[in-house]
Amino acid sequence: MAKEQMQVLNALDVAKTQWYHFTAIIIAGMGFFTDAYDLFCISLVTKLLGRIYYHVDGAEKPGTLPPNVSAAVNGVAFCGTLSGQLFFGWLGDKLGRKKVYGMTLMMMVICSIGSGLSFGHSPKSVMATLCFFRFWLGFGIGGDYPLSATIMSEYSNKKTRGAFIAAVFAMQGFGILAGGIFAIIISASFRDRFNAAPYEVDPVGSTVPQADYVWRIIVMVGALPAALTYYWRMKMPETARYTALVAKNQEQAAADMSKVLQVEIQAEPRKEEQEKAKYALFSKEFLSRHGLHLLGTTTTWFLLDIAFYSQNLFQKDIFSAVGWIPPAKTMNALEEVYRIARAQTLIALCSTVPGYWFTVAFID
């Protein structure tokens, strides 16, 4: 921007921390909460899916998803996420953060419900339907991901911007934790109501028919936080930075922020130097100013996500390998879901959630 900032943007940068900041953290953070729940709840139920749909009579161990099916069920949402980030990130710059924010939420609600309603006459059709809805769920999550962070950064002041953005990301930890806790409650409830023998005692009876409801309920509940957040997201005004700098409506930006900050802000007339300060993405000017920042951020984030998503998706296999949960054949299907959820919840409670909030406390 020009050296002489617009008053509305300067007011945002120097604003004292107010209640609206925390409201924005909660509203934007619920997007990350839902994203994490929807992405990682599948790891809680993949072993159950194998028992239900890929049981083999006479096999020594319970049924498991074939490698190609397991890869699709676990990974298809991330293919959608990558596509959604690129598409909705672009669309958010064209139509505005607020409009696109609502689109991504509705897509997440519809596809969460659709994932739980994956019906068919064969295991192949059920898995295909599940993967279809998981892809589009990921597409919506991909849009929500950058928009939530962008909205928070554009609402923040300079002094605590790092902590506010980190707090939005920290809601991911609560989403993972909520997924584990909810899976514990549901699996324990069904286990106590429909008691069954371990697989090694009764291979067929160890997976009760009602177990099919368990994974569907766990997957579908991801629609609730997204639906509950929709109203509050639609009440948020468009961010002033977008309205002033992209939509070129400084009067509207000033009016919106006057209500939010509860102070009088006057829109400044557009200055010639502000028009000259623009430069395109990936232009020489952009690369000279921010090229190293972009490269460093994307590279470290890429490396982080290899560990982060791998660990959260496949830690159930690690639990078995290190003996933290008993061999599958010594449990019935619902007991296995309960044990996996309990282990994942402990990991989230003792490391994931504290790690996020450690960053929130010290990042600035």
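This is a predicted model: local features need pLDDT of at least 70, side-chain atom pairs count only at pLDDT 80 or more; totals for chains, interfaces and linings use all residues.
**Stop 1: α7 and α13**

Select residues 161–193, helix α7, and residues 284–321, helix α13. (Helices are DSSP runs of H or I, at least four residues, numbered from the N terminus.) The two pack at an angle of about 15°, with axes 13 Å apart. (Axes are lines fitted to C-alpha atoms over the stretch in contact, and angles run from 0 to 180 degrees between N-to-C directions.) That makes α7 roughly parallel to α13, a label for angles under 35 degrees, while over 145 counts as roughly antiparallel.

Now show the side chains. F169, Q172 and I176 of α7 touch W301, F308, Y309 and N312 of α13, where contact means heavy atoms within 4.5 Å. This contact has 5 nonpolar, 2 polar and no charged residues. (Ala, Val, Leu, Ile, Met, Phe, Trp, Tyr, Cys and Pro count as nonpolar, Asp, Glu, Lys and Arg as charged, and the others, Gly among them, as polar.)

**Stop 2: α5 and α8**

Next, pick α8, residues 211–220, together with α5, which spans 97–116. Their axes come within 8 Å and cross at roughly 175°, so α5 and α8 are roughly antiparallel. Look for S112, I113, S115 and G116 in α5, which meet W215, R216, V219 and M220 in α8.

**Stop 3: the largest cavity**

Stay with α5, which gives the most to the lining of the largest cavity, with 3 residues. What is the volume of the largest cavity? It is about 40 Å³.

**Stop 4**

Finally, go to K47, T64, D317, A328 and E336, the closest to the centre of the second largest pocket among its 23 lining residues. (A pocket is an open set with protein on both sides within 12 Å along at least five of seven lines.) About 390 Å³ of space lies here, a volume being the space filled by probe spheres set on the points. The lining divides into 8 nonpolar, 7 polar and 8 charged residues.

Technical notes: Residues are numbered from 1 along each chain as its sequence is written. Side-chain values use heavy atoms; hydrogens and water are left out. Angles under 35 degrees count as roughly parallel, over 145 as roughly antiparallel, 65 to 115 as roughly perpendicular and the rest as oblique. On a 1 Å grid over the protein atoms alone, a cavity is a set of points where a 1.4 Å probe fits but cannot get out, and a pocket is an open set with protein on both sides within 12 Å along at least five of seven lines; lining residues have an atom within 4 Å of a point.
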